[in-house]
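This report describes selected features of the structure shown below.

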Amino acid sequence: MQLGMIGLGRMGANMVRRLMRGGHECVVWDVSADNVKTLAGEGAIGAESLDDLLAKLNQPRAVWIMVPAGQATEQTVNDLAARMTSGDIIIDGGNSYFKDDVRRAAALKDKSINYMDVGTSGGVWGLERGYCMMIGGPQKTARNLDPIFKTLAPGRGNITRTPGREKVAGTVEDGYLYCGPSGAGHFVKMVHNGIEYGLMQAYAEGFDIFRNANSEQLPADIRYDLNISDIAEVWRRGSVVSSWLLDLTAMALVEDPELASYSGFVQDSGEGRWTIQAAIEEAVPAEVLSAALYARFRSRQEHTFAEKILSAMRKKFGGHVEPKS
């Protein structure tokens, strides 16, 4: 299948590579000509502009946007919409706010342009591991794009099947899901990221307790000089708290046991705030997720080992580099 890709950063470029490995033809454009040149050198069809990208795509054209959420995405959608015709498809694979998806889809419907929102998880590891995708928009369009989703997704791999799943049809075991109409994909990804905040905070606080178990403020007979890196490693093997986040934490700790290269400054990229807002609108208590978000706010004032753990995890799964202070 043929696909246009706009945005060749950490995730966009690797998604193109994975698609090309799967036999798809990719036409690519980025504000950085060097990024386009690199992918063209690997087999993609480079474009010099949006107009050039669209001219090189067969109709109906499908273009995946992988640029920062907010104004960059808004501008790209508008620029494409002004140039596209009936039956074309715009796919936003970034972390847009789901209410923006609903608005954009309604505006594009008048031009018969199909708008898809795809929450994409996988970070910098997606080229090899694949991308978990949560899809919103017209269901017929989602079905037409299935070859793209199937190639990007992780596939079943060696994950043990959930008992009873053998009786259930669908794509979820391959790592992608049609969630519902416009906005549903990014809504599910938004809550996914909110949960991620909570999980990361729980690990971070636990390892901070370990680090302070040898505090002089404690009685001598209950002080423990613990190897935190080894604890992370043993938990990876059979523990009920094992996870990919723990895998990444163990990796960071064996590389830098004191996490000296991390400041403890922890950003939030927006989805955590939106998740809390959704909880407020639905009157759903979300104490853990709220506390995890507020912990990130506090991290920008003073830094603890827990925040270095958070920062290390973000770098490992997404390539995020925090400010020094």
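## A buried asparagine

N193 has a relative accessible area of 5% in this predicted model. That value lies under the 20% limit, so N193 counts as buried. The residue belongs to helix 9. Leaving aside residues up to four places away in sequence, N193 is in contact with N95 and E271.

## Helix 4 and its surroundings

The buried residues of helix 4 are T73, E74, T76, V77, L80 and A81. Viewed down the axis of helix 4, these buried residues fall within an arc of 165 degrees, and therefore line one face of the helix.

Several elements contribute to the cover over the buried residues of helix 4. Among them are strand 1 (2–6), strand 4 (62–65), strand 5 (89–92) and strand 6 (114–121). Helix 3 (50–55) and helix 5 (98–109) are also included in that cover. On the face of helix 4 turned away from its buried side are the exposed residues Q71 and A82.

## A nonpolar surface patch

I222, Y224 and L226 make a nonpolar surface patch of about 270 Å². Y224 is located in the loop between helix 9 (184–211) and helix 10 (228–235). Because its relative accessibility is 47%, Y224 counts as partly exposed.

Technical notes:
Residues numbered from 1 in each chain as written. Predicted model: local features only at pLDDT ≥ 70, side-chain atom pairs only at ≥ 80, totals over all residues. Heavy atoms only, no water. Buried < 20%, exposed > 50% of the residue type's maximum accessible area, 1.4 Å probe, protein only. Helix = DSSP H or I, 4+ residues; strand = E, 2+ residues; numbered from the N terminus. Arc of directions from axis to C-beta. Contact = heavy atoms within 4.5 Å. Patch = residues over 30% accessible without salt bridge, like charges linked within 9 Å, V, L, I, M, F, W, Y side chains within 5 Å. Areas by Shrake-Rupley, 256 points an atom, 1.4 Å probe, with all protein chains shown as cover. Salt bridge = Lys/Arg side-chain N within 4 Å of Asp/Glu carboxyl O.
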